[in-house]
Amino acid sequence: MTPLVPERTAALDRLLGDPADPANPVGIRAVLDADERGEMPAAGEHALDAYGLNAEFVPPEYGGRFARADHVVEVMRTVYRRDPVLGLGYGASSFIAGVNVWTAGDTGQAARVADLLLGGHKVAVAFHELAHGNDMAGTEFTAAADDDHLRLSGRKEVVTNISRAQALVVLARTDRRPGPRSHSLVLVDRTALPGGGIRDLPRFGTSGMRGLQLGGLEFDAVRVPRSAVLGPVGSGLETALKALQITRTTLPAMASGVLDTALRTAVDHLSSRTLYGGAAIDIPHVRSVLAGVLADLLRAEAVGAVGTRALHLVPRSASVYSAVVKYTVSKLLLDAVDRIAELLGAHFYLREGPSAIFQKLLRDLAPVGFGHIARAACQMSLLPQLPLLARRSWADGAPAPDALFALDAELPALRYDRLALHAGGHDPLAASLAAALDGPWDGSGRPLRAAFEADLAELGGLARACAALPVTEWGVDASPATYDLADRYSTLLTRICCLQVQRHTTDPFLADPAWVLAAVHRTRRPSPLPGPVEDALFGELLARHRDHRSFGLAARPLLHREENTR
């Protein structure tokens, strides 16, 4: 393993066992059976209990292992690669709740939540109300003052694990007046509440993530101490938005494990299927699509990796980069599984047979685009920042440190107190493009340099357009053309991430310009990859498949039957 991939991921892989073994209680067959029943895989939860997965979500100062955001991503990719329901339903939902506590809670509150998680319990984040969706400022759930207590009233709906969580982080209105200081986060310890006043709502059924425990609670003037508020009263929206910078960066990055398994399933199927007198995988169109999917997986993981490292290294800009990661990575993953489905034909929706896991992955991945926080909300959060970014950073801003792109480099501690609601015009990632072009380039990098010289010119044009935006175009009522500027910016930033990872890596494949040229090509035109680029990517795909290595940036060894029976 490398510093990017902690050694404990291999231990987790071994604990989960060979996915292809039909007798494995956490194998593909068992995961599919649990999905048909609409249940969480019980054996999977027991395995994650044995591993102590919740420790991945707790900072070291409280006894856990959450020291590096990129490490929690790699560990969780191992879980998502096996079953997205376990990934979200066992792990990520508690991670989301915990991050809010680490961001704003006092020592006692943080220690209490840490104790719950390290004891194997669930913690849920109760933000959603069906009537308001991602509009957290519209939350109607109230926490009314009552002497030295608060009385909680209202409903929270479509919340993962809300019925089996020992503690809840609840977003509640503490001031009926509108404004950014009208809401607070309240840490509710269900074990300490009186029996009455809380009603469990019926579980919500879903087409994907069928085993996910989505439910709701209705509170009727339930008393909790005022000391349950996380941070100052009225700071709930600010805390939630800062914590979202961590989770909307890491959660889409975790979900790339789903595409990894989907791609592996497709290569397995197409290698064994005979069509037109030969293996289906040898058909030129099939090769082209698979090479493009690999390129998009690498592109998704590159922007996810840089965004995750930015939480540690340039937290002031995380409000921008987290929105770009969520917006970009979720679309790349969703589009890629759709293209694989086209290759599989009728096999993509079969619920039986060797490829049956694919239809589950396709359904389970869908919430990556809207769950937790929607892609459109990410675009809206970018719009008011674009004019200042354009004026302060894109032409002559200070470039990012090399450690942002050297994925094996050490990281400083994650400082929650340095996360900011606004980047203040600081965009070291975009500013790094000019610095990269000024650096040394060898002859083999000439096509890549030409591509990014064009990107530098595009960044200049984008800067002029964004700097000229009137204030009326900075909000939800912006025109479609303005929303397109956020899309162009996200796409451009993604290409810069790929270039910088390539220039700072020691991995032979990632150091080859081919995958970055593929990434550039796929963002600019919907045509097949150039021949030599496609050949390089398809050859890498087959080599990793043969050697049982993951398809993402880490290319790490995966457990398979020969190893498991050795």
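1. Glu218 forms a salt bridge with Arg155, with 3.6 Å between the closest N and O atoms; the term here means a side-chain nitrogen of Lys or Arg within 4 Å of a carboxyl oxygen of Asp or Glu. The pair links distant parts of the chain, 63 residues apart: Glu218 is in strand β7 (residues 214-225) and Arg155 in strand β3 (residues 149-160). Helices (H or I, at least four residues) and strands (E, at least two) are DSSP runs, numbered from the N terminus.

2. This is a predicted model, in which local features need pLDDT of at least 70 and side-chain atom pairs count only at pLDDT 80 or more, while totals for chains, interfaces and linings use all residues. Residues are numbered from 1 along each chain as its sequence is written, and side-chain values use heavy atoms, leaving out hydrogens and water.

3. Glu218 has a relative accessible area of 26% and Arg155 one of 34%. Both are partly exposed, a class that lies between buried (under 20% relative accessible area) and exposed (over 50%), with a 1.4 Å probe and protein chains only.

4. Arg181 pairs with Glu238 in a salt bridge, the closest N and O atoms being 3.0 Å apart. Arg181 lies in the loop between β4 (167-173) and β5 (183-189) and Glu238 in helix α7 (residues 236-254), so the bridge ties together parts 57 residues apart in sequence. Arg181 is partly exposed at 44%, as is Glu238 at 27%.

5. Arg544 and Glu540 meet in a salt bridge of 2.8 Å, N to O. Both lie in helix α19 (residues 531-547), four residues apart, about one turn of the helix. Arg544 is buried at 1% relative accessible area, and Glu540 is buried at 14%.

6. The structure holds 44 salt bridges. A network of them links Asp35, Asp83, Arg210, Lys360, Arg363 and Asp364.
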